[in-house]
Amino acid sequence: GESASVSVRRLERELKALEPVEWGVLSENSSLVSRISFLEDQLSDVRSAISGLRELIGETDRHVGALFDGALERINGRFNSLFQRLFGGGEARLRLQSREEPAEGEEEGEDTAPPWDRGVEIVARPPGKHMQSLAQLSGGEQSLTAIAYLFASMEAAGAPLAVLDEVDAALDESNLLRFGDLAREYSSPSDRGSG
């Protein structure tokens, strides 16, 4: 066989034949491998954080949904009761608005918006009339309905104070008396919500 020194010279000649050789490529490759490894770790951390955030958002949505449903139910019951008291009958309720057009990327009829993001509308039926939206009521009826809703919401929220400026402007004398009785009742915390 070939001696070691002959073998080295032969290999050097073969290497020179491969010229030009960029010797820095080996260290650059090592640096890139290290950088890729670092970025893969970072990407894994980001994916993990995204997963955690999605879980947190889901849990928050469930919690907000429960609070919203509970508040809507409490306000709705009290709203109807106050409406009937102010009107001497009839009925009123809050209902979730339905979306008219699906959002971009959604199929027709698919509704992914949470209930609290869709909006709530007031429908009411004064005595002797049919159920209608707030906008279809007369000015006085709108005022009384709004008063019933306001007081029901304040009660559900535990609001300690309300400033009512010209809330009586559209009310006739009999409705004004009903409103006055309700306002007096709510001005005394011990009597609140008893009627």
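# Pairs and strands in a predicted model

Student: What is the relative accessible area of K129?
Tutor: K129 is partly exposed. Buried here means under 20% relative accessible area, exposed means over 50%, and partly exposed is whatever lies in between (1.4 Å probe, protein chains only). K129 lands in that in-between class, with a value of 38%.

Student: What pattern does the protein chain follow along the sequence?
Tutor: Helices (H or I, at least four residues) and strands (E, at least two) are DSSP runs, numbered from the N terminus. The protein chain has 4 helices and 3 strands. Reading along the sequence gives α-α-β-β-β-α-α.

Student: Back to K129: which residue does its side chain meet in a salt bridge?
Tutor: A salt bridge puts a side-chain nitrogen of Lys or Arg within 4 Å of a carboxyl oxygen of Asp or Glu. For K129 the N to O distance is 2.7 Å. The pair links distant parts of the chain, 12 residues apart, from the loop between β2 and β3 to helix α3. The partner in helix α3 is E141.

Student: And which backbone nitrogen does the side chain of E141 reach?
Tutor: E141 is buried, at 12% relative accessible area. A polar contact is a pair of N or O atoms within 3.5 Å; within protein, one must be able to donate a hydrogen and the other to accept it, and residues adjacent in sequence count only if both atoms are side-chain atoms. At 2.9 Å, the side chain of E141 reaches the backbone nitrogen of S138.

Student: What kind of aromatic pair do F79 and Y149 make?
Tutor: Rings of Phe, Tyr and Trp (its six-membered ring) pair if their centres lie within 6.5 Å; planes under 30 degrees apart are stacked, over 60 edge-to-face and the rest tilted. The structure holds 4 such pairs. With centres 5.9 Å apart and planes at 85°, F79 and Y149 are edge-to-face.

Student: How many residues apart are F79 and Y149?
Tutor: F79 sits in helix α2 (residues 24-87) and Y149 in helix α3 (residues 139-157). F79 is buried at 0% relative accessible area, whereas Y149 is partly exposed at 32%. The pair links distant parts of the chain, and the separation is 70 residues.

Student: Which helix holds F179, the pairing partner of F151?
Tutor: F151 and F179 pair edge-to-face, 6.5 Å centre to centre and 90° between the planes. F151 is in helix α3, so the pair ties together parts 28 residues apart in sequence. F179 lies in residues 173-187, helix α4.

Note on methods:
Residues are numbered from 1 along each chain as its sequence is written. This is a predicted model: local features need pLDDT of at least 70, side-chain atom pairs count only at pLDDT 80 or more; totals for chains, interfaces and linings use all residues. Side-chain values use heavy atoms; hydrogens and water are left out.
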